[in-house]
Amino acid sequence: MRYRLKFTLDYEIHGNGDGNPMDLMVNPTWRLMDLLEKYGQRVTIMADVAEILKFREYYEQTGDDKFGVVQIEEQLCDAIKRGHDVQLHIHSSYFNAVWDGKHWDQYIEEYNMAALPYQRINEMVGKCVCYLQNLLSPINPDYRCHIFRAANWSMMPTPAIYDALVNNGIDIDTSVYKGGMQVGNVNYDYTLAFDALYHYSASRLNINNFDPIGKITEYPIYCEMRPFWSFISILRIYRMLRAKFHKHKHVVTPAAAVSDNPNMYDKHKLTLKSFFTLSPWKMDFNQATSRQLCHAIDRIQNRSKYTEMDIVDIVLIGHSKTFLPYNEKTLEPFLKYISSKEEVFKY
């Protein structure tokens with residue numbers, strides 16, 4: 001049995017449009033690429049092309065590269081040269097966002113991409129795929145934009161976004177984490193996802209379901225259902241506090257739930273019950289400790305002992321905006337650990 005780690009990095013500023021892209025995207029990504037290369041690993045940068053297109057539009061209209069789009073594009077090209085990958089992430093509320101002098105005021109009516117009409121989703125995806133192809137194909141003629149991660153994990157309702165992805169050459173999605181659910185500006189329920197680890201051919205009708213003739217393969221972000229104390233770490237507490245200062249100004253009334261799960265709303269209320277129930281713990285290299293990551297690898301190996309698969313892909317997630325210098329200290333012991341295990345592929 002062999003294993004292949006898939007480090008994925010959501011490459012973006014704060015979700016409400018706050019922040020300096022140099023501090024939240026470019027500089028942290030240089031540090032991450034250098035660290036991973038030291039141990040023979042690579043990262044797939046999930047570039048939020050919707051916001052990058054806004055940065056470029058601002059530059060072209062004003063002549064002021066306020067958001068460092070030239071350096072962003074240089075970094076994405078350099079990542080390809082160095083053997084990393086760049087794929088597609090879209091916060092759809094950026095397409096009609098407006099710079100108000102302090103932050104990008106999001107167009108909340110298009111925040112939930114999966115719930116938009118097919119024609120609008122297809123337009124958004126097509127524009128973003130075209131951007132990455134035009135930017136990166138000159139660097140590597142074999143480059144292909146074919147992997148997608150939905151903003152806020154939202155792939156439900158599935159049919160319209162699934163069709164738009166397929167129409168634009170996307171054949172892999174990596175948005176699902178088994179056990180996750182949310183109601184609010186976006187709605188999804190992944191409690192019944194086909195698997196937490198193994199990739200599967202996903203159904204057009206519901207991204208959770210296996211379909212042998214599906215046109216998109218789902219590579220789920222590895223996730224386990226864990227008790228509340230598994231979420232206690234300095235990095236998670238820091239991220240929670242930081243998020244308090246970057247909240248969206250706009251909140252929409254929750255749409256109809258996309259699930260029949262009666263507990264969907266209860267999961268998002270912090271009650272006494274919350275401390276006695278299990279919650280989805282993603283293999284997030286920004287927030288998990290090195291010890292937690294190493295133990296997760298051990299559990300994966302125990303689980304997959306008897307699978308008939310020759311290679312097991314393990315999808316990890318991080319965010320450029322929260323990859324602090326301290327993260328390097330927590331991630332490096334994990335990289336040393338996996339490099340010592342013959343079962344784990346270099347990349």
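Residues are numbered from 1 along each chain as its sequence is written. In this predicted model, local features need pLDDT of at least 70 and side-chain atom pairs count only at pLDDT 80 or more, whereas totals for chains, interfaces and linings use all residues; side-chain values use heavy atoms, with hydrogens and water left out.

The protein contains 8 helices and 14 strands. These are DSSP runs numbered from the N terminus (helices: H or I, at least four residues; strands: E, at least two). The chain has 347 residues, and 54% of them count as buried. Buried means under 20% relative accessible area, exposed means over 50%, and partly exposed lies in between (1.4 Å probe, protein chains only). Accessible areas come from the Shrake-Rupley method with a 1.4 Å probe; for residues, only the protein chains shown count as cover. Among contacts with a separation of 6 or more, 76% join residues 24 or more positions apart. A contact here means heavy atoms within 4.5 Å.

Helix 5 buries I161, Y162, A164 and L165. Seen down the helix axis, these buried residues fall within an arc of 165 degrees, so they line one face of helix 5. The arc is that of the directions from the helix axis to the C-beta atoms. An α-helix has 3.6 residues a turn, so residues three or four places apart point the same way. The cover over the buried residues of helix 5 includes helix 4 (118-136), strand 6 (147-150), strand 10 and strand 11 (216-218).

N168 lies in the loop between helix 5 (159-167) and strand 7 (172-173). Beyond its neighbours within four places in sequence, N168 is in contact with N122, V125, G126 and V129. The side chains of N168 and N122 are joined by a polar contact of 2.9 Å. Such a contact is a pair of N or O atoms within 3.5 Å; within protein, one must be able to donate a hydrogen and the other to accept it, and residues adjacent in sequence count only if both atoms are side-chain atoms. G169, which follows helix 5, has a positive phi near 85 degrees.

On the surface, F228, W229 and I232 form a nonpolar patch with about 340 Å² of accessible area together. Patch residues have over 30% relative accessible area and no salt bridge; like charges are joined within 9 Å, nonpolar side chains (Val, Leu, Ile, Met, Phe, Trp, Tyr) within 5 Å. F228 sits in the loop between strand 12 (223-226) and helix 6 (234-244). Its relative accessibility is 34%, so F228 counts as partly exposed.

The whole structure holds 18 salt bridges. A salt bridge is a side-chain nitrogen of Lys or Arg within 4 Å of a carboxyl oxygen of Asp or Glu. E332 pairs with K38 in one, with the closest N and O atoms 2.8 Å apart. This pair links helix 8 (residues 325-339) to helix 1 (residues 21-38), across 294 residues. K38 is exposed, at 57% relative accessibility.

D195 and R303 meet in another salt bridge, at 2.7 Å from N to O. D195 lies in the loop between strand 9 (188-189) and strand 10 (200-202), and R303 lies in helix 7 (residues 290-303). D195 is buried at 12% relative accessibility, whereas R303 is partly exposed at 39%. Elsewhere, salt bridges that share partners join D34, E37, D78 and R82 into one network.
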